[in-house]
Amino acid sequence: KTRLCPPLSLDQCAEFYTAMLADVLEASAEFAATLDLLPVLAFYPADAMSELIDYAPPGYRLQAQRGADLGERMANAFAEAAAAGAERVLLRGSDSPALEYSLFEMAMDRLDAGDDLVLTPDQAGGYTLIGMRTSRPSVFELPMSTDAVMEQTLEAARSMGLQSSLTSASFDLDTLGDFHCFDALSDAPKL
């Protein structure tokens with residue numbers, strides 16, 4: 001979360017990310033239990049396991065990410081899940097603490113209804129959640145972390161003949177402006 005520095009110090013960025021990761025892991029464990037999924041913490045670099053093992057709630061499987069870049073690591077995570085017998089896989093980033101259960105449920109419903117690929121758009125042209133029924137590495141063979149990654153992912157899916165859809169949008173936390181989206185959640189009416 002160094003893009004939040006300044007105004008945060010490097011120590012504050014690390015503390016913030018640690019708290020955000022804990023929230024994301026706890027929520028993901030709850031969502032996985034409700035949806036009858038196995039929660040997996042895919043981490044990078046591989047030698048981070050000793051640090052992360054204390055952060056993962058019970059029931060998580062820890063798995064080192066493999067690959068030279070984010071796209072390759074994501075493709076490998078889907079391939080490894082498919083090789084382990086998963087019929088549907090949802091992948092979220094650790095920088096999406098506001099991702100609600102309803103979006104996970106919506107993605108699963110769409111995969112169960114026949115979609116091959118489901119994305120949850122974020123505010124910066126990317127996505128905060130990706131779900132697929134099968135491993136499709138070529139979906140990730142494009143520049144990641146750009147303002148066009150979601151559209152490029154959908155175009156790659158179309159070119160492969162995949163049925164794709166979008167859930168309602170959410171956001172990830174990368175910049176100070178994103179902090180304001182997160183802060184606004186506390187002011188939102190509760191249902």
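Predicted model: local features only at pLDDT ≥ 70, side-chain atom pairs only at ≥ 80, totals over all residues.
1. Overall build. The protein has six helices and six strands. Along the sequence they come in the order α-β-α-β-α-β-α-β-β-α-β-α.

2. Dimensions. A compact globule of 191 residues would have a radius of gyration near 16 Å, and the protein agrees with this because its own value is 16 Å. Along the principal axes, the C-alpha atoms fill a box of roughly 45 × 35 × 35 Å.

3. Surface and contacts. The accessible surface is about 10200 Å², and carbon and sulfur atoms account for 54% of that surface. Of the 191 residues, 42% count as buried. Among contacts between residues at least 6 apart in sequence, 54% join residues at least 24 apart.

4. Largest nonpolar core. In soluble globular proteins, nonpolar side chains tend to be buried together. Here the largest nonpolar core has 20 residues, and those touching the most other members are L117, L119, Y127, I130, F140 and M144. At least two residues each come from α3 (70–83), β4 (117–121), β5 (127–132) and α5 (149–159). The helix α5 gives the largest share, five residues. Apart from this core there is another, of 12 residues, which includes A27, F31, L35 and L103.

5. Surroundings of I130. Leaving aside residues up to four places away in sequence, what does I130 touch? Its contacts are M74, F78, V89, L90, L91, L117, V118, L119, V139 and F140.

6. Burial of β4. Five of the five residues of β4 are buried, so this strand is largely enclosed by the rest of the structure. L117, L119 and P121 point one way from the strand, while V118 and T120 point the other way; all are buried. Two of the residues named here, L117 and L119, are also among those that touch the most other members of the largest core.

7. Pairing with β5. β4 and β5 run antiparallel and are joined by five bridges.

8. Pairing with β6. Which strand pairs with β4 in the parallel sense? The partner is β6 (residues 164–166), and the pairing runs over three bridges. Within β6, S165 is the bridge partner of V118. In short, β4 is joined antiparallel to β5 and pairs in the parallel sense with β6.

How values were computed
Residues numbered from 1 in each chain as written. Heavy atoms only, no water. Core = buried A, V, L, I, M, F, W, Y, C linked by side-chain atoms within 4.5 Å. Buried < 20%, exposed > 50% of the residue type's maximum accessible area, 1.4 Å probe, protein only. Helix = DSSP H or I, 4+ residues; strand = E, 2+ residues; numbered from the N terminus. Contact = heavy atoms within 4.5 Å. Pairing = 2+ DSSP bridges. Rg over C-alpha atoms; globule rule 2.2 N^0.38 Å. Areas by Shrake-Rupley, 256 points an atom, 1.4 Å probe, with all protein chains shown as cover.
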